[in-house]
Amino acid sequence: MTPQRAVLLVRISYRKPEDDDEQATDEGARRRREFSKGIGRQEEDGRALAARLGWNVVKVIPEDDTSAFKRRKIKLPDGSTALRTVRPGFRAALEGLASGEYDGLIADDLDRVARDPRDLEDLIDVVESRRPRIPVESVTGSLRLANDADITMARIMCAVANKSSRDTARRVTRKHEELAAEGKPPGGGYRGYGFSAVGHEPIEEEAKILREIAARILGDWDGWTNEERERLDPELGESLHSIAAGLQRRSVPTVTGARWTDRSVRSVISKPSVAGLREYRGEVVGKAVWDAIVPQERWEQVRARLAGRNRTVDLRLQRWLTGVLRCSQCSHMLMGWQGNNGPRYWCAKPNGGCGKIAIKASLAEGEIERQVLELLGQEGVLQRLRTVADTEVTDDVRAELAEDEAQLKVMAGMFARREITFPEYREGRSIIEKRIKESRALLTARTPRVLRRLLGAEDVAAGWSALTAVDKREIVLALIPGYVVMPHDRSAGNRFDPGRLVPVEA
Ligand SMILES: [Zn+2]
């Protein structure tokens, strides 16, 4: 069957000439030149191939590959979601093929289609979803998926190409990456708080402030008065807002001279450079050449704490049942609200609720806490929690891990049958094994911290009371999908009726 509605996929590569130092002209202009050159040639070659094969091309999809190695959660053609490299053009082509809008695919080269082995697997799924398979061709002839042997070969080549394209990317940004890899400062004009612009030397006065901020967030600062300390929950630390106000009161200067805000406090303490780590493109790439101002372990605790905090709401004011209770009248979520008689949960009118249902916060929290602890005391419940800790956010990573492990087996088989050489096998294997290692690391890191902490506690009740509001909510929602709050029955007087809290069936 000759495709009459084929799609041509061309990738925009910002490839710099190897001797890029020779003519240091405007970078943008050069990129634009490369851009048009890259696409023009690819499209020409693709169309020529189509003409030779008698295919009709109805669509050319160009794709920018600057974000080639950022992974995000995306929707697959079969409706499920998974972690994938962000490639909207490739995804659009896949969807069109899956829906029948296109009936064939042409690309320049295998690694233009599928630099990431998972992309290739998605393409294979789509190609094999039809009988006969959807035809796929490439200008260089490197991509064929016509039969099982083709597919296996494509998998191996993709694994190897995946590595070489990473190498290309590395060459392109050689200088910055070398600096990053060696842990050296990035250079450039601005300076981060705590370090000098030239030489990236720690500035002791600012380093002191950074250590102070860390301590105030972690709740172990020795600069609080006894009175201040009493008001603080060491588990929660001091709010960013209050820290900013404190620095401002003492007229501690910022880098720019602007006022301290919760945002700038968060920003200065969140920089990996503070922990003696070198960051590159938003990711920590290793130890820096300079010393840590805040020890790495402590800095990670700070980051973990900040991640657990809502950006705008001070945790001490945040009620942990927000997001757990629903209105029985209009089914809106009740929100923590400051009422005349103290905090309560309310079907808040300003937030689109009906305003009719409210419940005193301390009573609702006390009752649900009692129910949670009772539940936790029951046999089998802890087991169920452990399963939750096991499955929640880690499904994607587990799926990836399983895929990678399967791929390793396939490759070993191919090597045993001498379908690939030892260097090919070794190279492919090292790539996959590295990813498996990453997945495993991710799995341990992602298992909800909170559940692990609670499950590890000798005394679950004590463990529970030590949890933050956010963590408590996570646990409640792991146990019960939520509660519906019934109206207050006035005939019962002012007494609190626990029956107003009706658990939602799973
Ligand atoms: Zn309501």
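**Buried residues, a zinc site and backbone details**

User: Is Ile431 buried or exposed?

Analyst: Ile431 is buried, because its relative accessible area is 13%. Buried means under 20% relative accessible area, exposed over 50%, and partly exposed in between, with a 1.4 Å probe and protein chains only.

User: What kind of model is this?

Analyst: This is a predicted model, in which local features need pLDDT of at least 70, side-chain atom pairs count only at pLDDT 80 or more, and totals for chains, interfaces and linings use all residues. Residues are numbered from 1 along each chain as its sequence is written, and side-chain values use heavy atoms, leaving out hydrogens and water.

User: Where does Ile431 lie?

Analyst: Ile431 belongs to helix H15, residues 422-446. Helices (H or I, at least four residues) and strands (E, at least two) are DSSP runs, numbered from the N terminus. Ile431 and Ala159 are 272 residues apart in sequence, while their C-alpha atoms are 7.0 Å apart in space.

User: Now the metal. Which protein donors does the zinc ion have?

Analyst: The SG atoms of Cys327, Cys330, Cys347 and Cys354 are the protein donors, lying 2.2 to 2.3 Å from the zinc ion. Donors are N, O and S atoms within 2.8 Å of the metal (3.2 Å for Na, K and Ca); water is not among the atoms, so sites may look incomplete. Along the chain, the donors follow the spacing C-x2-C-x16-C-x6-C.

User: Where in the chain are Cys330 and Cys347?

Analyst: This pair links distant parts of the chain, 17 residues apart. Cys330 is in the loop between strand E9 (325-327) and strand E10 (335-339), and Cys347 is in the loop between strand E11 (342-346) and strand E12 (358-360). Cys330 counts as partly exposed at 29% relative accessibility, whereas Cys347 is buried at 0%.

User: Why is the arrangement around the zinc ion tetrahedral?

Analyst: The arrangement is tetrahedral because the four donor atoms subtend angles of 93 to 114 degrees. Four donors count as tetrahedral if all angles lie between 85 and 135 degrees.

User: And Ser331, what is its phi?

Analyst: Phi of Ser331 is near 60 degrees, a positive value in a residue other than glycine. Ser331 also lies in the loop between E9 and E10, and is partly exposed, with a relative accessible area of 45%.

Conventions
Four donors count as tetrahedral if all angles lie between 85 and 135 degrees; four count as square planar and six as octahedral if opposite donors are over 155 degrees apart and all others between 65 and 115; anything else is irregular.
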